[in-house]
Amino acid sequence: MKKFNYNIILVSMGLLSLNMAHADSMTEVEQLRNEVKQLREMIEQQQHVQNKQIVALENNVKAAQVVSQAKDQTFARTKAGAEVTLYGNIRADLLYQSEGGSADRLYNQINSVPLKGHNESSDQLKSTLAATRLGLDFKTADKDISGKIEVDFLGANDGLRIRHAYFNYGQWLIGQTWSNFAVPDYMPETIDALGYVGGAVKRDAQIRYTHKFNAETQLVTALEDSKDALSNMRIPVLSTRLNQSFADRAGVLSLRGMVSEKRTVADNELAWGVGLGAKYDISAKTTLKADYYHVKGDSSLVSWTNQGFAIDANKNIMALNQFDSITVGVTQQFNSQWRGTLGYGYMKADENQDYIRYLSDPTKANKTLWQAWANVFYSPKKPLSFGLEYVYGERKAFVAAPNGQDTGEDNRFNAVAIYNF
C-alpha cells in the first residue's frame, strides 16, 4: 500500500513538472510575440520617418531647381544692383493679300482699305521681321519695386520703338504700357500683330494705381496721355477698371470707363466711353473671350475707329463720332502642340449727319466694319511656334466714291514663325 501511494506521488509530481514546463513555454511564446509586435511597430515608425525625410528632400530639390532656374534667367545686374532678365522673340511674318490696303504696310488696316475699284492692292505678297521684340525685366531686392523696357521695330521705316517702359512701386505704376481702358486681354488670339475689329492694342504714358479688395476683385485707376492728334490735351484721360474673377477663377469680368476732354484752339467737348470684357475657360482646353465698347468723341484708345470729332474752318467742334464695337472668339487647345482660334469683330458708328457734313473726306469714314478670322498654331518644341491664319473683312463708308462703290475689302492669308527666348 505504501509503495502504491509513493508511485502516485511520483506520477503527480511528473504531471506537475510537465504543466509547469508547458506554462513556461507558453509564456516565452507570448513574450516572443510581443517582441515581434514591438519590432514591427519600430520598423513602421522608422519607415514613416524616412518617408517624411524623402518628401522633404524632394521638396528641397524642387525648391533648389526653381532657384537655379531663376538664377539662370538672370541676364545681368545693373549698377544699382537690380537683377535683369532678358526676353523676347524673333518673329517672321508673311502675308498673301488677295484684296486689301497699300502694299507698303503688312498688318491690319481694315478701316482704310480702298473702296472697290479705287486703288486696290490685289495679289500682293509681303513679309517683315519688324514685330521682333526685345525686353528687359528689372527686379530689385525690394519686392515692391520692379521695372520693364520692351521694344520692337514697328516704328517708322521699321525703326525701333518703345512698346513698354515703366516701373512699379508698390501699387503704383508710372510709365508707358497698355491703356487702362482699352486693354487687349479680351481679344481673341490673332496672328496679325495689330489685332482685328473690336479690339485695342493701344499703349500710352500713364500713372496708375491698383487697389486689391481681395484675391478676386481689384480696382485700377489711371491718368493717361492718349496722344490724340486732333486734340490739344489740357488734362489727361481719366480711366478706371474693375476686374472680378468668378467660377473659382476660371473666368474674369472687366468693367471699364473713361472720360476725356477734347480741345481745339477754339472749342472743347467731353468725350467718354465704357467697356466690358470677359474671359472664361469653358474647359481646361477651351477658352472663350469677348469684348465690348461704346465710345463717344474719342478715337485715340480703341483701334480702327473714325476720328473722334469733326470741326469747321474756325476749329469749332461741330459733332462727335459715336460707335459700338464687339469682338468674340473661342480658342481650342487640341493637344500640347496644336491650338486654333475662331474670331469675329464688328463696329458700327452712328450716322450723325452733322458729323458727316464736316468731314474733309466722308468716303474715308466708316458706317460699319467687320472681320472674321480662323487660325491654327503649331509648336513642335517649346521655344518655336508656327501659325497660319485666314481673315476676311469689309468696311462700308458713310459716302460712296465717285464710281458708286462704298465698300472696301480685306481678304488675305497670314503666316508667322516665332522663336521665343
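This is a predicted model: local features need pLDDT of at least 70, side-chain atom pairs count only at pLDDT 80 or more; totals for chains, interfaces and linings use all residues.
**Cavities**

The model holds 3 cavities of 30 Å³ or more. The two at the head of the list are set out below.

The lining of the largest cavity is made up of Trp 304, Thr 305, Asn 306, Asn 321, Phe 323, Met 347, Lys 348, Ala 349, Asn 366, Lys 367, Thr 368 and Leu 369. Two strands, strand 17 (338–349) and strand 18 (366–378), each contribute at least two residues to this lining. Strand 18 gives the most, with 4 residues.

Around the second largest cavity, the lining consists of Asp 93, Leu 94, Leu 95, Leu 106, Tyr 107, Ile 191, Asp 192, Arg 412, Asn 414 and Ala 415. Here the elements that provide two or more residues are strand 2 (83–99) and strand 20 (407–420).

**The largest nonpolar core**

In soluble globular proteins, nonpolar side chains tend to be buried together. The largest nonpolar core of this model has 29 residues. Phe 181, Tyr 293, Val 295, Val 302 and Tyr 355 are the residues with the most contacts inside this core. Strand 13 (286–296), strand 17 and helix 2 (353–357) each supply at least two of the core residues. Strand 17 also contributes at least two residues to the lining of the largest cavity.

Which residues does Tyr 355 contact, leaving aside its neighbours within four places in sequence? They are Asn 306, Gln 307, Gly 308, Phe 309, Ala 310, Ala 319, Leu 320, Asn 321 and Phe 398. Asn 306 and Asn 321 also belong to the lining of the largest cavity.

**Leu 136**

Leu 136 lies in strand 4, which covers residues 133–139. Is Leu 136 buried, partly exposed or exposed? Its relative accessible area is 26%, so Leu 136 counts as partly exposed; the buried class is limited to values under 20%, and the exposed class to values over 50%.

With neighbours within four places in sequence left aside, Leu 136 is in contact with Phe 75, Val 84, Thr 85, Leu 86, Tyr 87, Gly 147, Lys 148 and Ile 149. Leu 136 and Gly 88 are 48 residues apart in sequence. In space, the C-alpha atoms of Leu 136 and Gly 88 are 8.5 Å apart.

Key: Residues are numbered from 1 along each chain as its sequence is written. Side-chain values use heavy atoms; hydrogens and water are left out. On a 1 Å grid over the protein atoms alone, a cavity is a set of points where a 1.4 Å probe fits but cannot get out, and a pocket is an open set with protein on both sides within 12 Å along at least five of seven lines; lining residues have an atom within 4 Å of a point. Grid points are joined across faces, edges and corners, and a volume is the space filled by probe spheres set on the points. A nonpolar core is a set of buried Ala, Val, Leu, Ile, Met, Phe, Trp, Tyr and Cys residues joined through side-chain atoms within 4.5 Å. Buried means under 20% relative accessible area, exposed over 50%, partly exposed in between (1.4 Å probe, protein chains only). Contact means heavy atoms within 4.5 Å.
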